[in-house]
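The structure is shown first, and the description follows.

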Amino acid sequence: KTTIRVQFDSDIIDVKIDLLAKARRNLFLVIKEAVHNAYKHSQARNIYIKFEQTTDYFKIAVIDDGMGLPETVLKGNGINNMTVRMESLDGTFEILSVQKGMSLLFTYPFK
């Protein structure tokens with residue numbers, strides 16, 4: 001349905017960390033929401049998804065080269081849902097400033 005190019009990058013260490021079902025579900029849903037928003041609203045040509053793991057945390061960045069997010073949308077349902085999901089995991093959700101497009105960062109700390 002789209003011509004958006006998706007690129008994945010992974011910087012995962014070899015240590016196996018078992019994620020709780022709640023964490024797996026919420027991390028999946030925030031990525032799904034971020035990618036859906038880029039597909040539906042951004043007019044992006046490219047989406048870049050990066051996974052990073054250390055012994056202390058798991059980070060996921062979803063970056064697109066679309067038109068960005070107007071200030072009036074910063075409190076929409078999707079943004080709110082992603083924030084609530086990450087807070088329920090004691091994690092964080094950040095919208096990072098970029099020249100063009102959107103950069104979303106989800107951080108899940110290992111306990």
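Helices (H or I, at least four residues) and strands (E, at least two) are taken as DSSP runs and numbered from the N terminus. Read in this way along the sequence, the protein chain has the pattern β-α-β-β-α-β-β. Its radius of gyration is 14 Å, close to the 13 Å given by the globule rule for 111 residues, so the chain is as compact as a globular protein of that length. Here the radius is taken over C-alpha atoms, and the rule is 2.2 Å times the number of residues to the power 0.38.

The model is predicted: local features need pLDDT of at least 70, side-chain atom pairs count only at pLDDT 80 or more, and totals for chains, interfaces and linings use all residues. Residues are numbered from 1 along each chain as its sequence is written, and side-chain values use heavy atoms, with hydrogens and water left out.

**Overall dimensions and surface**

Along the principal axes, the C-alpha atoms fill a box of roughly 35 × 25 × 25 Å. Of the 111 residues, 33% are buried; buried means under 20% relative accessible area, exposed over 50%, and partly exposed in between (1.4 Å probe, protein chains only). The chain exposes about 7500 Å², of which carbon and sulfur atoms supply 52%; these areas come from the Shrake-Rupley method with a 1.4 Å probe. Among contacts (heavy atoms within 4.5 Å) with a separation of 6 or more, 63% join residues 24 or more positions apart.

Q7 lies in strand β1 (residues 5–11), and D56 is in the loop between β2 (46–53) and β3 (57–64). Leaving aside residues up to four places away in sequence, Q7 is in contact with I47, Y48 and I49, and D56 touches P109 and F110. The table gives accessibility and one C-alpha separation for each.

| Residue | Relative accessible area | C-alpha separation |
|---|---|---|
| Q7 | 40%, partly exposed | 9.9 Å to I63, 56 residues apart |
| D56 | 53%, exposed | 6.0 Å to P109, 53 residues apart |

**The second largest pocket**

A pocket is an open set of points on a 1 Å grid over the protein atoms alone, where a 1.4 Å probe fits, with protein on both sides within 12 Å along at least five of seven lines; lining residues have an atom within 4 Å of a point. The second largest pocket has a volume of about 180 Å³, the volume being the space filled by probe spheres set on the points. Its lining includes I17, D18, Y108 and F110.
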